[in-house]
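This report goes from one local detail to the residues around it, and then to the chain as a whole.

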Amino acid sequence: MTHRSVYIVSLGPGDPRLIALHGADVLRRADIVFCPETKAGSRSADFLKKLGVNESRIRCYQLPMNKERAQAYAAYDRLFEEVVSRYSQGECVAVVAEGDAGFYSSTRYLSGKLKNAAIPVVRIAGIPAFIAAAASVGLPLTEQEERLTVYPGRIDAEMLRRVESGGEVAVVMKLSQCEPELKRLLRSGENSMWHYFENVGSHEEFYTCDKEQIAKRTFPYFSLLIIKSV
């Protein structure tokens, strides 16, 4: 007899204390938990161990982290086959995603393949990194009628103009994809406050709102900006 669903569990920003109770419960009772691994290792596997998931039930899969997604999709194709095999054997299967699995997460590709195969999927929500980042420094993310817009890997002068007019708050993700343009605009953003974060929720967490410090940083994969008017 198979379990009713495959679980896609959001881990949140990196601190095990911030995972949803439902997600933690699923991970602790799952027969197998799949988590991504890169050449640098697996932050997700480290997270699961801190959460108390038995290491014997953690299965890492290689996930290339680059803008060209063909290799990542191939990795998810291989993962799909293994997930289906385990599910068909009646095991409780979970796949984890950092942040929230519905927010710029490539696990959407796996979810789509599972649904096309008539395998039910339950996605458990998590706290996105920018929400945790704002909370960590006591920053009100939006106020009154401000709009919040998320920009994945891009930034331009028109966006900065909207922010400085006071009508919009911008969250910029995937900073390494727009580093030159971002640093150019940084010098012209006199009427905006730039809140820069790295590795939110981990022991490597870094924050500054000093534009000179931001300009000197080399942006890692897990970095983001929150830009507000002053």
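## Ser223 and its surroundings

A polar atom of the Ser223 side chain lies 2.8 Å from the backbone oxygen of Pro220. The coordinates behind this value belong to a predicted model, and Ser223 itself is found in strand E10, which covers residues 223-229.

With a relative accessible area of 4%, Ser223 falls under the 20% cut-off and is therefore counted as buried. When neighbours within four places in sequence are left aside, Ser223 is in contact with Met173, Lys174 and Leu175, and also with Tyr196, Phe197 and Glu198.

## Ser192 in strand E8

Ser192 is placed in strand E8, which is made up of residues 192-198. Its relative accessibility is 4%, so Ser192 counts as buried, and its side chain is joined to that of Glu164 by a polar contact of 3.1 Å.

If residues up to four places away in sequence are not counted, Ser192 touches Leu160, Val163 and Glu164, together with Lys211, Ile227, Lys228, Ser229 and Val230.

Arg217 lies in the loop between helix H8, residues 211-216, and strand E10. The relative accessible area of Arg217 is 25%, which means that this residue is classed as partly exposed.

Between Arg217 and Tyr196 there are 21 positions in sequence, and their C-alpha atoms are 9.9 Å apart in space. Tyr196 is also among the contacts of Arg217 once neighbours within four places in sequence are left aside, the others being Glu179, Lys183, Glu198 and Phe206.

## The chain as a whole

The secondary structure of the protein chain comes to 8 helices and 10 strands. Its radius of gyration is 19 Å, close to the 17 Å that the globule rule gives for 230 residues, so the chain is as compact as a globular protein of that length. Taken along the principal axes, the box filled by the C-alpha atoms is roughly 60 × 35 × 35 Å.

Of the 230 residues in the protein chain, 45% are buried. Among contacts with a separation of 6 or more, 69% are between residues 24 or more positions apart. The chain exposes about 11800 Å², of which carbon and sulfur atoms supply 49%. As for charge, there are 30 positive and 28 negative side chains, and the centres of these two sets lie 3 Å apart.

How values were computed: Residues numbered from 1 in each chain as written. Predicted model: local features only at pLDDT ≥ 70, side-chain atom pairs only at ≥ 80, totals over all residues. Heavy atoms only, no water. Helix = DSSP H or I, 4+ residues; strand = E, 2+ residues; numbered from the N terminus. Rg over C-alpha atoms; globule rule 2.2 N^0.38 Å. Buried < 20%, exposed > 50% of the residue type's maximum accessible area, 1.4 Å probe, protein only. Contact = heavy atoms within 4.5 Å. Areas by Shrake-Rupley, 256 points an atom, 1.4 Å probe, with all protein chains shown as cover. Lys, Arg positive; Asp, Glu negative; His and termini not counted. Charge placed at Lys NZ, Arg CZ, Asp CG, Glu CD. Polar contact = N/O pair within 3.5 Å; in protein donor to acceptor, adjacent residues only side chain to side chain.
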